[in-house]
Amino acid sequence: MHRDVAALIDRQERWAGPLGEQAQGILARLLHEGGRRPIKDVLNGTWLGHPVHPAVTDVPVGAMTLAALFDLTGRDSAADAAVAVGIAGMVASAATGASDAVDAYGRVRTHATVHATLMSASATVYLLSGLLRLGPRVLRPLARLLGYAGYGVMTAGAYVGGDLTYGIGSQVDRHAFEARGTKWRSLDVSEVPAGTLVRAKAGSDAIVLYRAADGSPVSAFHALCSHMGGPLDKGTIVDGCVECPWHQSRFDLGSGQVRQGPAVYDQPRFEVRETAEHGLEARRMPTGGNGRA
Ligand code: FES
């Protein structure tokens, strides 16, 4: 069944692609310009070390499930309160989800746009249901019906959203499945000129090396950005951090900790040594700033 659903969503590219791109333009202006980047970091979860959106979405799903059960059993006040909480949760979910989606490309953007469209439709239906609940009792059956319809659309949207993470890997740490290294591995470079980001291979890992002009030790990180795999060796050095060229996440040169989003996970670090026998060698540090690298 999942294959058919995924193919159905892929076929929405014709409208979801342009719509997503247009929405991204507006969101990028809202979230990037005028010093608003810290707001985006809060919405992404950079401060938390974990994406905020999947946690926040539990609120409307839980609240609307309760609302449906209360409506079915005739507990009107409880249902109304649950719908109000659910709508508030949907607003928070929309803000955090939009902040994640603004950095998406290609198939991820198409699926994210379909997800957002379904959730927006559900929120609109719930809003109508909520307004009818404030009116005379004669409108109660229609309010309930709209609630059930909103729940159905929300469930479809939640399915697409879950697949974005579990099926397509959006917002997954690009280093989630790598083991910690214990062995020193030779690098395929023999020197690290000061002030330049240098890409090197350490076994199967691509790493990026940086030596500051002040003579401080060489910093070494995995070359793929933890956010979406951007090439950090093509990045720039800003304020003691390496900045990813794709979405401008920044990682501290000393610790690998994320200092600016949209990344939420730290960058795996390597220690570097030079031996007379093997030249430059690197091995992955046992822990990173979040204890996971
Ligand atoms: S890939 Fe997005 S910030 Fe690096």
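## Two domains

Domain bounds here come from an automatic or database domain assignment. By that assignment, the protein splits into domain 1 (2-166) and domain 2 (185-284), and their centres, taken over C-alpha atoms, sit 37 Å apart. Before going on, keep in mind that this is a predicted model: local features need pLDDT of at least 70, side-chain atom pairs count only at pLDDT 80 or more, and totals for chains, interfaces and linings use all residues. Residues are numbered from 1 along each chain as its sequence is written.

How many residues of domain 1 are in contact with domain 2? There are 11, and they meet nine residues of domain 2 (a contact means that two C-beta atoms, placed from the backbone, lie within 7 Å). On the domain 1 side, two of the residues are nonpolar, five are polar and four are charged. For these classes, Ala, Val, Leu, Ile, Met, Phe, Trp, Tyr, Cys and Pro count as nonpolar, Asp, Glu, Lys and Arg as charged, and the others, Gly among them, as polar.

## Two crossing helices

Now look at helix 2 (residues 13-32) and helix 7 (residues 106-134), whose axes come within 8 Å and cross at roughly 90 degrees. That makes helix 2 roughly perpendicular to helix 7 (65 to 115 degrees gets that label, under 35 is roughly parallel, over 145 is roughly antiparallel and the rest is oblique). The axes are lines fitted to C-alpha atoms, for helices over the stretch in contact, and angles run from 0 to 180 degrees between N-to-C directions. Helices (H or I, at least four residues) and strands (E, at least two) are DSSP runs, numbered from the N terminus.

Glu13, Ala16, Gly17, Leu19 and Gly20 are what helix 2 brings to the meeting, while helix 7 brings Arg109, Thr110, Ala112, Thr113 and Val114.

Six strands form an open sheet in the order 1-10-9-4-3-2, with antiparallel pairing (strands pair if DSSP finds at least two bridges between them). Strand 1 (185-186) and strand 2 (198-202) are at the edges with a single partner strand each, so one side of each has no neighbour in the sheet.

Follow the pairings: strand 2 and strand 3 (residues 205-210) share five bridges, with arginine 199 partnered by valine 208 in strand 3. Their hairpin has two residues between the strands, and glycine 203 there takes a positive phi near 65 degrees. Strand 3 then joins strand 4 (residues 219-222) through four bridges, and tyrosine 210 pairs with serine 219. Elsewhere in the sheet, six bridges link strand 9 (residues 269-275) and strand 10 (residues 279-284).

## Loops worth a look

Is leucine 253 buried or exposed? Leucine 253 is buried, with 21 other C-beta atoms within 10 Å (20 or more means buried, 12 or fewer exposed, and in between partly exposed, with C-beta atoms placed from the backbone). This leucine is in the loop between strand 7 (250-252) and strand 8 (258-260), and leucine 253 touches Tyr210 and Ser219, among others.

Glutamine 171, in the loop between helix 8 (140-166) and strand 1, has a positive phi near 70 degrees despite not being glycine. Aspartate 239 also has a positive phi, near 50 degrees, but aspartate 239 counts as exposed, with 10 C-beta neighbours inside 10 Å. Finally, a cis peptide bond joins glycine 261 and proline 262, with omega about 20 degrees.

Technical notes:
Lists of a residue's contacts leave out its neighbours within four places in sequence.
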